[in-house]
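Visitor: Hi, I have a structure open and would like to walk through it slowly. Could you keep the explanations plain?

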Amino acid sequence: MSANNAFHIAVLAGDGIGPEVMAPAIEVLRKIETISGLSFRFTEAPAGATNYLATGKSMPDTTIRLCEEADAILLGACGLPSVRYPDNTEIAPQIELRFIFDLYAGVRPARLIPGVPSPIVGADQRGIDLVVIRESTEGLFASMGKGVVTHEEARETMVITRKTSERLFEFSFRLAERRKARGKPGALACVDKANVFKAFAFFRGIFDEIAKRHPEVKTDRLYVDACSAMLVKRPWDFDVMVMENMFGDIVSDITASLIGGLGMAPSADIGDKYAVFQPCHGTAPDIMGQGKANPTGMILSTALMLDWLADKHGVEGAAEAGEQIERAVDKVYADGLKPMEFGGSNGTADITKAVLEAL
């Protein structure tokens, strides 16, 4: 086994259904080991509301050091509605990790899998295959924990910097180029509110500068309100979209809803050196321990992780393994797999077993 094909993965299972969907994801990666030249070493560590209740911290320092040493980080859903910091904000290590490791590019793919219902008329024929890239360290979230509240008013500040915006746009153009090489449109839209806010006009101006370096990528500029309206009418018209943090937070939930819901949606938070991969859904404490949780988003997040590891380390076998996972998920849904959120009877164990057999 080549050392270049062996990866150390930090595993932060999280809260609620987080551990329940993490276990299938690890099973899938173990299966990948048997059918590829890849090898994984998994190290588990605590993070989330449960750890906060026990220790007063969302993550111990040992967890952060593990994440720093690992090749990639798998993160389950974190936080619980009943557990809050003293200022009433949620326990959110997923957000904290973005700041700690400068994970400025939040990648939120939305691909309609065959056999999965979409609320959009015609989507089953036209298909949906787009990516939202959400800046993940600035924007309105730059004020997290720093807002000013008085008896009369509350203020939060949005921050957009040239350094982060340039990196974000370069990342976005590279992703569009990679998609084009794989037969996708390879188009990139900047989504903002540049007609109202100077900060977004600044954001768009930097986008225009970077666009000149990538003339082969078709570009567009859209206001976020118009973009949202278009998404729920003709989502197949979109390929890659890049936007500020809060806009991305909202728009990525819209796009997840178009492909069957958050349970189907993977995500990645990527920086220049580190990356975290987790499903878009929450901890769903109402179904915790009942075997109802859909692990698809978590499983597809491992496919994103493998594609990133391939790009970062030049291991083409990892990219192929990621595609194998996606093909396996496609097959089981096309064959009639129906999770409980779609009115079916297939729970965590059924979905896991089906994907493993398809691999």
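Visitor: Which residues of α11 are buried?

Guide: Before the answer, a word of care: this is a predicted model, in which local features need pLDDT of at least 70 and side-chain atom pairs count only at pLDDT 80 or more, while totals for chains, interfaces and linings use all residues. Residues are numbered from 1 along each chain as its sequence is written, and side-chain values use heavy atoms, with hydrogens and water left out. The buried residues of α11 are Ala318, Ala319, Ala321, Gly322, Ile325, Ala328, Val329, Asp330, Val332 and Tyr333, where buried means under 20% relative accessible area, exposed means over 50%, and partly exposed lies in between (1.4 Å probe, protein chains only).

Visitor: And what covers the buried residues of α11?

Guide: The cover includes helices α1 (18-35), α10 (296-313) and α12 (348-358), together with strand β4 (105-111). Helices (H or I, at least four residues) and strands (E, at least two) are DSSP runs, numbered from the N terminus.

Visitor: OK, changing topic: in what order do the strands of the open sheet come?

Guide: The open sheet has 10 strands in the order β2-β1-β3-β12-β11-β4-β5-β10-β8-β9, and the pairing is mixed; two strands pair if DSSP finds at least two bridges between them. Because β2 (39-44) and β9 (218-223) stand at the edges with a single partner strand each, one side of each is left without a neighbour in the sheet. From one strand to the next, the twist averages 25°.

Visitor: How many residues of β11 are buried?

Guide: Strand β11 (residues 266-270) is mostly covered, with 5 of its 5 residues buried. Pro266, Ala268 and Ile270 lie on one side and Ser267 and Asp269 on the other, so that both faces are covered. In a regular strand the side chains alternate between the two faces of the sheet.

Visitor: Which way do β4 and β11 run, parallel or antiparallel?

Guide: They run antiparallel and are joined by 3 bridges, with Ala105 standing opposite Ile270 in β11. Strands β11 and β12 also pair in the antiparallel sense, over 5 bridges, and a hairpin of 4 residues joins the two. Within that pair, Ala268 has Phe277 in β12 as its bridge partner.

Visitor: Where is Thr283?

Guide: Thr283 sits in the loop between β12 (275-279) and α10, and this residue is buried, with a relative accessible area of 7%. Its side chain reaches the backbone oxygen of Gly79 at 2.8 Å. Thr283 also touches residues including Asp15, Gly16, Ile17 and Leu80, not counting residues up to four places away in sequence, where contact means heavy atoms within 4.5 Å.

Visitor: One last thing: at what angle do the axes of α8 and α9 cross?

Guide: The axes of α8 and helix α9 (residues 245-258) cross at roughly 5° and come within 11 Å. Axes are lines fitted to C-alpha atoms, for helices over the stretch in contact, and angles run from 0 to 180 degrees between N-to-C directions. That makes α8 roughly parallel to α9, a term for angles under 35 degrees, whereas those over 145 count as roughly antiparallel, 65 to 115 as roughly perpendicular and the rest as oblique. On the α8 side the contact is made by Val224, Ser228 and Leu231, and on the α9 side by Phe247, Val251, Ile254, Thr255 and Leu258.

Notes:
Polar contact = N/O pair within 3.5 Å; in protein donor to acceptor, adjacent residues only side chain to side chain.
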